[in-house]
Amino acid sequence: MLTIAGHQFESRLFTGTGKFSHSKTMLAAIEASQSQLVTLAMKRIDHNKDNDDLLSPLQAMGVKLLPNTAGARTAKEAIFAAELANEMLGTKWIKLEIHPDPKYLMPDAIETLKAAEVLCARGFTVLPYVHADPVLCYRLEEVGCAAVMPLGSPIGSNQGLATEPFLEIIIEQANVPVIVDAGIGAPSQACKAMEMGADAVLVNTAIASSAAPIIMAECFNTAVISGRNAYLAGLGGVVKQAQHTSPLTQFLNV
Amino acid sequence: MSFVEQFKRLDLDDLSMRIYSCTSIDVERALQRPQGNIESLIALLSPAAKPYLEIMAQASYKLTRQRFGANLGLFLPLYLSNLCANECDYCGFSMSNKLKRKTLSEPELLAEINIIKQRGFDSILLVSGEHETKVGIEYFKKVIPIVKQHFSYVALEVQPLEEQEYNTLVGLGLDAVMVYQETYRPHTYAKHHTRGKKKDFNYRLSTPDRVAAAGVDKIGLGVLLGLDDWRVDALLMGHHLAYLEKRYWRTRYSISLPRLRPCTGGVTPKVELTDDGLVQMICAFRLYNPQLEISLSTRETPGFRNNLLPLGVTNISAGSSTQPGGYQNPNTELDQFEISDERSADEMVIQMQKSGLNPVWKDWESNWF
């Protein structure tokens, strides 16, 4: 069971709502993923409409909504979007995303830290999307973030865990849950992140853009369960020489 | 330094020669590493790439779905005025064309807005002829706050303005500016733009610099395909895009690929861009720049548009009128150009869903940011 800010999640696979061809496919894929935390972009919410085709079914599924601030390029913009998310969706949970670079959508560390400080002080449960920077993750933890969400590789790139050495440090050091976000393109990569000890992964593009999103969502679900179990079971160390299962010198200990 | 200085260093004849001397080996190399590589763009736009069109289309489709998902943004043009102080021999709004001139008043603007909103649109492209005195910055300063009350995304396609003017409009809610160079060949440009401020090739060429410096969220580039050799114009637009992306890294970019259409008093295309050429161009730009937004207008026929939708396009218009007041009083006498796809937005949505694409009406909220 994963606990973030007092909320418990049975599934360690978090998913998104973007990029699907149809809302029905999206809902079926989320169901198949068993995900209990689903992120959605505030910029897509139409405040003039009820958005019921998107929100009601998600709420009926019992998943926790995690509005995100995608589109914000500064701390000020992200804070405003978070306040609106609170007002419109009635949640103080926010995935803090600030990327002024529309090309690779790289998170802005400075603005993210500034916004996190303000939002945490205002009582938000802040989950910041950041580069895999161990010091920045420490700093975000210090200002009160409920989890950190370092990237595996650029958003939507399917490049997997390109930041692996830094993710290892973050996982080792963190006192809050570490959710590997962005770049995970295959169930095997999600499994690897979980084997490394990540607390959860967030996957959107790899599911939504696949030819069979529902099947792919199921695959990610099982991969995350396997990776977590493998981590708990304890993976063997890696050595260059072969280690015999029946050592030849065992008789000396008899 | 604006793009004008960089443009002067380009040898246009040499670039043209390089496009036409590409071989299949160059194309195959380009397909291995197309992204952000201008040499690859040259090969992908070349005649040598024609046999690779299916491979390019498959890759373009895949990249587009990966980057943008199944989403396709819907927008509609709202023509504010057909007044124009320029003489461009391909455009129905040209100063000397004998047509009824009209600029929307506030009540007329609101009537148009109401109709467009009823159709479900949330993203609007404000268009006018280029008449600085009668439809200039003062008019836009009045119009944009009104429009912004109704639409979350407001783009502008009017005459080039000064940086400070763009900045003022950003403060009033402007999100995007489309400024099409029409052709990047100065000699051809001079031939088609014979009177008015639009004659100034360099002022137009430096406009995206001013737009970006003013903090506009998105800049749209474009060439009018058919004025000159489309391969060379497309490549030069690629150079322009590469320059802007490096210098103004916070800005988003889109391109528009309008083919020259018949219009009142207009010229016929000098260099024809065939259907397969347009497909090649869309795919070449998608492979070169996976994050680039590509717009498709109603200039193309319904059947062709259906087939283009999944290939790399990210934004489309539907049910467009190209005349001021045209949504309330449809009447083709004031049109800028003839449209080919008369389908309504609802009909387009059905077509998009058939193609496994998701219509996105709203994707922005600058008021919140």
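Guide: Let us begin with Phe121(B), which is buried, with a relative accessible area of 1%. Please bear in mind that this is a predicted model.

Visitor: Which aromatic residue does Phe121(B) pair with?
Guide: Phe121(B) forms an edge-to-face aromatic pair with Trp361(B), at 5.2 Å centre to centre and with 75° between the planes.

Visitor: Where do the two partners lie in the chain?
Guide: Phe121(B) is in the loop between H6 and strand S3 (123–128) of chain B, while Trp361(B) is in the segment after strand S11 (358–360) of chain B. The pair therefore ties together parts that are 240 residues apart in sequence.

Visitor: And Trp361(B), what is its relative accessible area?
Guide: The value for Trp361(B) is 22%, so this residue is partly exposed.

Visitor: How many aromatic pairs are there over all chains?
Guide: A search of the whole structure finds ten. Another of them joins Tyr79(B) and Phe93(B), edge-to-face, with 5.9 Å between the centres and 85° between the planes. Tyr79(B) belongs to strand S1 (residues 71–81) of chain B, and Phe93(B) to the loop between strand S2 (87–88) and helix H6 (106–118), 14 residues apart.

Visitor: Are Tyr79(B) and Phe93(B) buried or exposed?
Guide: Both Tyr79(B) and Phe93(B) are buried.

Visitor: Which residues form an aromatic cluster?
Guide: One cluster is made up of Phe3(B), Phe7(B), Tyr184(B), Tyr189(B), Phe201(B) and Tyr243(B).

Visitor: New topic: which ring does the charged end of Lys197(B) sit over?
Guide: That ring belongs to Tyr203(B), and the charged end is 4.8 Å from its centre. In chain A, Lys95(A) lies over the face of Tyr129(A), at 5.5 Å from the ring centre.

Visitor: How many disulfides are there over all chains?
Guide: The search of the whole structure finds zero.

Visitor: What is the relative accessibility of Cys84(B)?
Guide: It is 11%, so Cys84(B) counts as buried. Cys120(A), at 15%, also counts as buried.

Visitor: Lastly, which residues of helix H1 in chain A are buried?
Guide: In helix H1 (residues 23–33), they are Met26(A), Leu27(A), Ala29(A), Ile30(A), Ala32(A) and Ser33(A). Just after H1(A), Gln34(A) takes a positive phi of about 65°.

Conventions: Residues are numbered from 1 along each chain as its sequence is written. Chains are lettered from A and ligands numbered from 1 in the order in which they are written. This is a predicted model: local features need pLDDT of at least 70, side-chain atom pairs count only at pLDDT 80 or more; totals for chains, interfaces and linings use all residues. Side-chain values use heavy atoms; hydrogens and water are left out. Buried means under 20% relative accessible area, exposed over 50%, partly exposed in between (1.4 Å probe, protein chains only). Helices (H or I, at least four residues) and strands (E, at least two) are DSSP runs, numbered from the N terminus. A disulfide is a pair of cysteine sulfur atoms within 2.5 Å. Rings of Phe, Tyr and Trp (its six-membered ring) pair if their centres lie within 6.5 Å; planes under 30 degrees apart count as stacked, over 60 as edge-to-face and the rest as tilted. A charge sits over a ring if NZ of Lys or CZ of Arg is within 6 Å of the ring centre and within 35 degrees of the ring normal.
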